[in-house]
Amino acid sequence: MRRGARARTVLSLLVLTAGAAGADAVLEGRTLSFEDGDRRLWSRTYPGELGELTGPVTLDGSTYLGVGPVVYALGAGGQVQARYDLPGEVTALDAGGGTVRVSTRGEDYTERFTLGDPREGGRVQERVVFPPDPGVTGWLARAAELVPEEDLARAAVQDPTNPFLALREARAAAGRGDTLASLNAVRRGLGNELPFPAWVDLAAGLDAAGFPAAADLALDRARRDAAARGLDPEISVSRAALFAYGNPSGYVGTLLSQGRLGRAEAWMRYLRELHPRFEGGPALYTRYAALLDAQGRGGEAEEWRQFTRSLRSGTLYNLGAEGPRVVQGTLRLVTLALLLALGAALLTLTLRVWRAQGEDTRPLGGRWASWVRHPLSRARRTVVTYAPLGERLGLVALAAGLFTALAGWQWANTTAARLRAPALNIGTYGGGWFAARLGDLDLRAVPDTALLTGLAAQLDGDAATARARLARAPGNACALNNLGVIAQERGDLPGAREAFRAAFAARPDLAAAAYNLGLPPTTPETVFQRTYRPGEPRLCAPDDRSLARAVGGDLSVSLARDLRRPLSVLTPGAGGSVRLGWALLAALAGLFVLALLLLVPRPPGAARLGRPPLHRLAALLLPGSGLLEGAWGGVLLLAWAAALAALVPLTGLIQSPAFLDPAQPGVRTVLLTLLAGTYALNLAAFVTVEVRAARRRARD
């Protein structure tokens with residue numbers, strides 16, 4: 001009976017296929033059907049949630065239909081031959097010229113790709129770089145979830161290339177207690193070709209369904225697919241991009257909250273090998289190490305901490321993933337300290353010269369009216385002109401420091417924002433989405449920009465463009481290494497070795513050049529290269545310092561630009577602050593005025609300044625402010641201002657950098673000790689000055 005039924009099924013399929021050989025693919029609304037004249041042989045309806053339908057077109061007996069960001073190749077009988085995963089919504093299919101060309105649409109860009117033979121799987125001839133868009137990377141899982149439970153078996157037969165349908169079948173079979181059917185469904189799901197975000201999604205589903213070995217296999221295939229697409233551990237990944245790539249860090253957090261440390265280990269290895277520099281990584285590594293410590297696995301915990309410390313290399317000033325924020329917080333405190341020091345010095349000086357200045361300006365019409373009646377004479381009798389040259393130089397130095405700190409603060413803000421730009425944080429470079437977003441960064445015409453754009457072209461397979469761009473970075477070790485990779489791919493092994501040696505000589509710490517010369521560096525990038533791209537030369541990616549120079553320039557560049565074009569600080573760009581720009585402009589104006597006053601001679605009344613009581617009180621309460629004539633007075637004033645500024649975050653007015661948090665008892669004790677020390681030294685100096693003044697008066 002079974003043999004008869006099977007024979008009838010085979011015969012029916014043969015008849016259907018024979019009839020379909022001359023059938024036409026027709027798309028009506030959202031239903032694709034194969035029709036032979038007036039007879040409909042097969043049809044399938046695609047839900048609207050899957051995206052726009054494009055096509056169909058036919059080539060060599062295969063029918064191609066675009067559905068959202070994928071293209072299906074269908075056989076004569078309607079069976080799915082292959083699925084092509086693309087980085088955007090399909091907008092056009094063209095089968096002219098003997099190949100199938102497909103156009104995809106992004107937000108403000110288009111890309112074109114060539115589809116390979118469906119009998120060899122869903123291969124796209126060009127490089128496909130997926131944007132950090134869950135609507136694209138999570139399309140397969142979403143398509144499987146749209147299938148009603150009663151249609152699940154039929155949908156899995158119709159589309160065997162979607163492993164999430166098989167995963168749903170495995171869960172249903174496991175719920176019925178049918179272990180064999182469940183394992184068969186898992187095996188079918190793992191037999192597909194998928195992009196790495198889909199593999200990660202599938203691994204999470206398999207893990208949650210109780211198939212840990214299958215989940216580990218899916219993660220391994222995710223690594224290999226990501227490596228083939230040019231993703232690299234050396235390039236950072238934002239939280240948004242990682243969410244679009246299957247959200248492995250979020251799943252690790254779930255596992256750790258559930259206490260499933262054994263399964264979390266496999267996912268932590270995945271992150272460590274492929275995305276070690278993901279946003280929020282140090283916090284997750286620290287949490288994982290603490291849980292290992294709690295289980296008595298101190299050696300493993302310390303190894304993870306050491307790994308976290310090793311990731312600081314190549315970051316902004318080697319401060320780690322939080323480097324830009326550390327620089328911002330530090331410069332914020334430096335600015336506050338210099339502002340306190342400059343304010344204290346000016347206040348103490350004002351209290352000292354107030355009486356003498358009033359007496360000198362009385363013949364000119366008074367302290368304020370004299371500005372209108374005799375502006376030049378009044379300008380000579382400003383508070384600063386009464387100070388001796390040494391004290392004036394100290395004020396100019398403080399003002400210059402304040403301007404520099406404000407400029408550095410603004411630079412840190414803009415640089416941090418630009419380093420967090422989405423185009424620079426997707427784990428790779430190149431592709432249409434990257435090129436469209438890179439134009440928003442207003443990159444500077446410097447060798448570091450040539451390195452970045454050259455690497456992107458190199459990853460996209462455009463060696464000629466890459467070589468032309470890298471040639472604009474002469475002497476750059478990273479560019480030399482990448483030129484060596486191009487030479488090796490052309491078969492010029494001596495030229496490649498020479499380029500690698502030159503790169504290594506310029507930067508002995510460059511792991512890519514050392515790897516290409518056969519040395520055994522053990523950085524996360526070279527270990528990944530050796531494991532997942534064996535036999536291939538290693539490309540060099542720009543580090544954070546190089547990217548910072550490309551997107552905004554070093555601090556010296558920012559300072560020079562602000563001095564040349566002062567009004568440009570009022571339009572700081574992405575990440576900058578207009579209020580900070582106004583403060584920077586005011587600091588620049590104050591510095592100019594103080595520098596100009598260095599040329600003004602002291603007024604005649606400066607000889608009778610003395611030490612009024614209010615001046616003495618200020619000099620006593622504001623350490624170092626009354627001692628600016630000597631170098632040690634400036635040091636004492638800066639130490640007092642720095643200690644006070646570091647304690648200000650306790651009031652909640654500003655945020656402190658993580659390395660100098662006064663809320664921590666140890667840090668607070670050190671700061672209070674420093675503050676008390678400045679008062680003690682100032683008291684000793686104050687007494688010494690008063691004793692000398694008393695002796696001088698007695699002598700006179």
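**Figure 1. Lining of the largest cavity in the predicted model.** The residues that line the largest cavity divide into 9 nonpolar, 1 polar and 1 charged, where Ala, Val, Leu, Ile, Met, Phe, Trp, Tyr, Cys and Pro count as nonpolar, Asp, Glu, Lys and Arg as charged, and the others, Gly among them, as polar. The lining is made up of Pro-69, Val-70, Asp-85, Leu-86, Phe-130, Val-136, Thr-137, Trp-139, Leu-140, Pro-195 and Pro-197. Helices (H or I, at least four residues) and strands (E, at least two) are DSSP runs, numbered from the N terminus. The volume of the largest cavity is about 90 Å³. On a 1 Å grid over the protein atoms alone, a cavity is a set of points where a 1.4 Å probe fits but cannot get out, a pocket is an open set with protein on both sides within 12 Å along at least five of seven lines, and lining residues have an atom within 4 Å of a point. Grid points are joined across faces, edges and corners, and a volume is the space filled by probe spheres set on the points. By this rule the structure has 4 cavities of 30 Å³ or more.

This is a predicted model in which local features need pLDDT of at least 70 and side-chain atom pairs count only at pLDDT 80 or more, while totals for chains, interfaces and linings use all residues. Residues are numbered from 1 along each chain as its sequence is written, and side-chain values use heavy atoms, with hydrogens and water left out.

Figure 2. Arg-611, Ala-619, Gly-626, Leu-627, Asn-682, Phe-686 and Val-689 form its lining, which divides into 4 nonpolar, 2 polar and 1 charged residues. Helix α30 (residues 665–699) provides the largest share of this lining, 3 residues. Thr-678 is also found in helix α30. With a relative accessible area of 3%, Thr-678 is buried; buried means under 20% relative accessible area, exposed over 50%, and partly exposed in between (1.4 Å probe, protein chains only). Leaving aside its neighbours within four places in sequence, Thr-678 is in contact (heavy atoms within 4.5 Å) with Pro-623, Leu-636, Ala-639 and Trp-640.

Figure 3. Strand β5 (residues 62–67) is largely enclosed by the rest of the structure, because 6 of its 6 residues are buried. Ser-62, Tyr-64 and Gly-66 point one way from β5, whereas Thr-63, Leu-65 and Val-67 point the other way. Two strands pair if DSSP finds at least two bridges between them. Strand β4 (residues 53–59) pairs with β5 in the antiparallel sense over 5 bridges, and Leu-59 stands opposite Ser-62. These two strands form a hairpin with 2 residues between them, and Asp-60 in the turn has a positive phi of about 55 degrees. β5 is also joined by 5 bridges to strand β6 (residues 70–74), in an antiparallel arrangement. Val-70 in β6 is the bridge partner of Val-67. β5 and β6 likewise form a hairpin with 2 residues between them, where Gly-68 in the turn has a positive phi of about 60 degrees.

**Figure 4. An open sheet of 3 strands.** The strands follow the order β8-β9-β10, and their pairing is antiparallel. β8 (89–94) and β10 (110–115) stand at the edges, each with a single partner strand, so one side of each is left without a neighbour in the sheet. Strand β9 (residues 100–105) pairs with β10 over 6 bridges. Within this pairing, Arg-112 in β10 is the bridge partner of Ser-103.

**Figure 5. The second largest pocket.** This pocket has a volume of about 1100 Å³. It is lined by 47 residues, of which Asp-225, Ala-227, Ala-228, Arg-229 and Gly-230 lie nearest its centre. Two or more lining residues come from each of β7 (80–85), α8 (212–228), α19 (447–459), α21 (477–490) and α24 (524–532). The largest share, 5 residues, comes from α8. The lining divides into 19 nonpolar, 11 polar and 17 charged residues.

**Figure 6. Helix α10 and the helices around its buried residues.** Helix α10 (residues 248–257) is mostly covered, with 7 of its 10 residues buried. The buried residues are Pro-248, Ser-249, Tyr-251, Val-252, Gly-253, Leu-255 and Leu-256. They pack against α7 (196–209), α9 (239–244), α11 (261–274) and α12 (281–294). Gly-259, which follows α10, has a positive phi near 80 degrees.
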